[in-house]
Amino acid sequence: MLGGAAVAGIVAAVVTVAWLGAGKGSSVATAPLTVGVSHSGAPPPGALVLASESGSRAVALAVGRGRLTATVLAASGSPQTGLSVAFRVGGHVLKARPCGAGCYTAAAPHASRVEVRASGGPPVVFRLPARSRPAGAIVRRATAVFRGLHSLVYFESLRSTPTGGLETRWEMQAPNRFSYKIRGGASGIVIGDRRWDQTKPGGSWTPPQQTTPSRVPQPTWGDRVENAHVLGTSTVEGRPVWIVSFVNSTIPAWFTAWIDRDTYRTLRMRMTAASHFMFHRYVAFNRPLGINPPR
């Protein structure tokens, strides 16, 4: 299970989640998130990037210039070197060669399906679009829209292994108020430099404690976006969206976001990082929330 490690720069109202038992409780700290990851390097410039989980590993794929490049991170966050890695493309198995810390690459033709096989873990299948286009401008505008929200409500699913994990409802009210409630577990309220915690549903609230103020809402992906591409279009709750993939290699974490084509609001988001397999469903924007101290 996930210990005290967390991901740097994920959100301003950042959390360090510690599993208790089977995910029925949690402690949440509003300190900047960090993860003990040896830097695995940025993907090739201009490459299309995707990522998924392989057991407790994070496996990323970069596609571009006739090459496939896989990055494999252990649950600890360390790039995994010395693996036997191959790509299955169109019925052919292409053996990859090392290209850095946790990095493996091979020349390959364009394909719609790539299976990454890394020794010691289950294979991962990636579906590739027939065409993609750069999406840096879309993500930059979506980032600005995210930061300009007055309030935000979303649901988060977070796991560090293929099973278990936490389901949390978050409410954020600019500039520095937020609350969270873990399903069947802990809750918390933060207002400026004060926070209150509740260890279980219906339990008593702790007296107010001092904390570092966090500016909210903030985009989950932080300040750096690389290799952004439109994978395609779809709809979310009847809203037309772009499906966009990108990476923040300073964390490192890989993202897929469903961005509203009219408002540039992010409606869904999936993140893959070391020991962090996370999905967000954003459900309410700029509504009055009234986040107040517990009674």
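Tutor: A polar contact is a pair of N or O atoms within 3.5 Å, where, within protein, one atom must be able to donate a hydrogen and the other to accept it, and residues adjacent in sequence count only if both atoms are side-chain atoms. This is a predicted model, in which local features need pLDDT of at least 70 and side-chain atom pairs count only at pLDDT 80 or more, while totals for chains, interfaces and linings use all residues. Residues are numbered from 1 along each chain as its sequence is written, and side-chain values use heavy atoms, with hydrogens and water left out.

Student: How do you know that the side chain of N248 has a polar contact with the backbone oxygen of R224?

Tutor: A polar atom of the N248 side chain lies 3.3 Å from that backbone oxygen of R224, and the limit is 3.5 Å, so the pair counts. The side chains of N248 and T250 are also joined by a polar contact, of 2.5 Å.

Student: What makes N248 count as buried or exposed?

Tutor: Buried means under 20% relative accessible area, exposed over 50%, and partly exposed in between (1.4 Å probe, protein chains only). N248 has 4% relative accessibility, so this residue is buried.

Student: Why is the link of C99 and C103 called a disulfide?

Tutor: A disulfide is a pair of cysteine sulfur atoms within 2.5 Å. The sulfur atoms of C99 and C103 are 1.9 Å apart, and the two residues form a disulfide.

Student: Why is C99 called partly exposed, and why is C103 called buried?

Tutor: C99 has a relative accessible area of 34%, so C99 is partly exposed, whereas C103, at 11%, is buried.
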